[in-house]
Amino acid sequence: MAGGRGILKFDWSIILLYGVLVGIGWMNIYSASLSDTASSFFDFSQIYNKQLFFIVMSILLIVFILAIEAKFYERFSSVIYIVALLSLIGLFIFGKNVNGATSWYGFGNFSLQPSEFAKAATALALAKYVSDIQTNIKEFKHQLRTFIIIALPAILIVPQPDPGSALIYAAFVFPLYREGLHFVYLLLVFFGAGLFVGTLLFGVIWVILGVVLIAGILFLRNRKKRPKLFKYLVITGACIGFAFSVNYIFNNVFEQRHRDRFNIVLGKEVDSKGIGYNTNQSEIAIGSGGWTGKGWTQGTQTKGNFVPEQQTDYIFSTVGEEWGFLGSILVVLLFVALILRILFLAEKQKNQFSRVYGYSVASILFLHFFVNVGMVTGLFPTVGIPLPFFSYGGSGLWGFTILLFIFVRLDASNYYYS
């Protein structure tokens with residue numbers, strides 16, 4: 001159990017930022033879900049009061065997490081990871097279907113989404129493996145094992161179907177890069193995404209010509225260093241093979257709603273009243289907020305329910321409409337401050353396990369924040385990624401709370417970790 005000394009060592013700046021973000025998130029959920037049917041503020045059939053209950057339970061969860069000895073999380077990381085995988089497998093048998101996705105366990109009127117907790121479990125397992133004295137992340141066999149640790153939960157999440165949650169596992173490339181993974185893997189992630197989008201936009205032939213041209217230029221530029229032709233041929237062949245597979249993946253793996261959303265964002269379709277309705281209305285709501293917004297609970301788009309399910313993935317549109325550009329920038333700065341603080345503390349950790357876990361937390365929060373805001377503003381397709389601490393839902397809030405406060409507990413023990 002954590003003693004008084006441990007309590008003093010908790011990073012209160014992270015705790016304060018967490019509290020402010022959760023508080024602002026609840027205010028926006030209140031505004032987005034406020035209706036004329038509520039009999040009183042204490043009407044617990046209302047979404048904002050359900051979220052208030054989730055927040056109270058989060059406080060109890062924080063106390064529990066911080067009270068456990070820090071070494072527990074490292075010692076039992078593998079067990080936690082296996083339990084998380086089993087919970088994802090169990091969905092295929094006992095899962096509850098909600099809006100076409102079997103991503104929840106149903107307990108009466110209450111639902112639990114295990115994928116929200118699997119992120120923290122994967123971060124612990126990855127930190128445990130990478131920090132093992134026998135692991136050398138620069139060796140291919142160890143790289144392969146780390147990718148398997150990351151891929152297993154993502155593979156189990158995709159067929160639910162929940163590609164948005166599976167996408168988040170790409171965030172684990174960043175902590176691995178910090179620990180010595182070659183930067184080429186980062187380039188492959190971005191280059192692969194570019195190839196995918198480029199093939200959808202311009203077609204396979206033009207993308208292949210572009211790949212061959214780039215490979216030829218790079219080979220000729222490095223000819224004085226005697227580059228290995230076989231290496232360039234293999235990489236070029238892999239890129240061409242991936243380009244040919246894009247259309248198959250897009251037409252056979254993606255669902256129609258995902259294909260429609262990609263086509264709208266890429267400008268291949270215009271559908272402001274159909275599948276693109278949410279994004280279009282979200283952009284209108286944000287744009288109507290101007291510099292200072294219309295005022296809390298005064299958003300006309302929000303009050304008119306023009307953005308469906310605004311309290312979940314599209315909650316940032318409420319911020320834009322009612323708090324304006326200045327309020328939106330404040331929220332962005334709060335998230336940036338939290339992520340930078342986590343990275344700063346991660347670098348100060350005296351043991352590798354805590355450092356890898358800290359970088360994993362920062363990367364997951366960043367990708368969630370980046371993709372969600374991009375999605376709400378129409379820059380990215382709608383893929384169902386919630387905004388941390390803002391979007392309505394107990395599983396999401398508790399998952400992010402567990403993820404963050406395990407690091408707070410590890411950091412508190414950093415000063416006298418043995």
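# Exercises on a predicted model

L86 sits in helix α5, which spans residues 77–94. Helices here are DSSP runs of H or I with at least four residues, strands are runs of E with at least two, and both are numbered from the N terminus.

Before you start, a word on the ground rules. This is a predicted model, in which local features need pLDDT of at least 70 and side-chain atom pairs count only at pLDDT 80 or more, while totals for chains, interfaces and linings use all residues. Residues are numbered from 1 along each chain as its sequence is written, and side-chain values use heavy atoms, with hydrogens and water left out.

## Exercise 1: L86 and its surroundings

Decide whether L86 is buried or exposed, and find the patch that contains L86.

*Step 1.* Recall the classes: buried means under 20% relative accessible area, exposed means over 50%, and partly exposed lies in between (1.4 Å probe, protein chains only).

*Step 2.* L86 has a relative accessibility of 53%, so L86 counts as exposed.

*Step 3.* Together with I82, I89, F92, I93 and F94, L86 makes a nonpolar surface patch of about 670 Å². Patches are built from residues with over 30% relative accessible area and no salt bridge; like charges are joined within 9 Å, and nonpolar side chains (Val, Leu, Ile, Met, Phe, Trp, Tyr) within 5 Å. The areas come from the Shrake-Rupley method with a 1.4 Å probe, and for residues only the protein chains shown count as cover.

## Exercise 2: Salt bridges across the sequence

The structure holds 5 salt bridges. Take the pairs R341–D11, R355–E179 and K294–E321, and locate the partners of each.

*Step 1.* Apply the cut-off: a salt bridge is a side-chain nitrogen of Lys or Arg within 4 Å of a carboxyl oxygen of Asp or Glu.

*Step 2.* R341 and D11 meet at 2.5 Å, N to O. R341 is in helix α16 (residues 315–348) and D11 is in the loop between α1 (4–9) and α2 (12–33), so this pair ties together parts that are 330 residues apart in sequence. R341 is partly exposed at 27% relative accessible area, whereas D11 is buried at 8%.

*Step 3.* R355 and E179 meet at 2.8 Å, N to O. R355 lies in helix α17 and E179 in the loop between α9 (173–178) and α10 (183–202), so this pair ties together parts 176 residues apart in sequence. Both R355 and E179 are buried.

*Step 4.* In the K294–E321 salt bridge, the closest N and O atoms are 3.0 Å apart. K294 is in the loop between α14 (277–288) and α15 (300–303), E321 is in helix α16, and 27 residues separate the two. K294 is partly exposed at 29% relative accessibility, and E321 is buried at 0%.

## Exercise 3: H368 and F389

Find out where H368 and F389 lie, and whether each is buried or exposed.

*Step 1.* H368 is in helix α17 (residues 352–376) and is buried, at 2% relative accessibility.

*Step 2.* Leaving aside residues up to four places away in sequence, H368 touches K119, I168, I385, P386, P388 and F400.

*Step 3.* F389 lies in the loop between α17 and α18 (394–412). F389 is buried, with a relative accessible area of 3%.

*Step 4.* Check the backbone too: F389 has a positive phi of about 70° although it is not a glycine.

How values were computed
Contact means heavy atoms within 4.5 Å.
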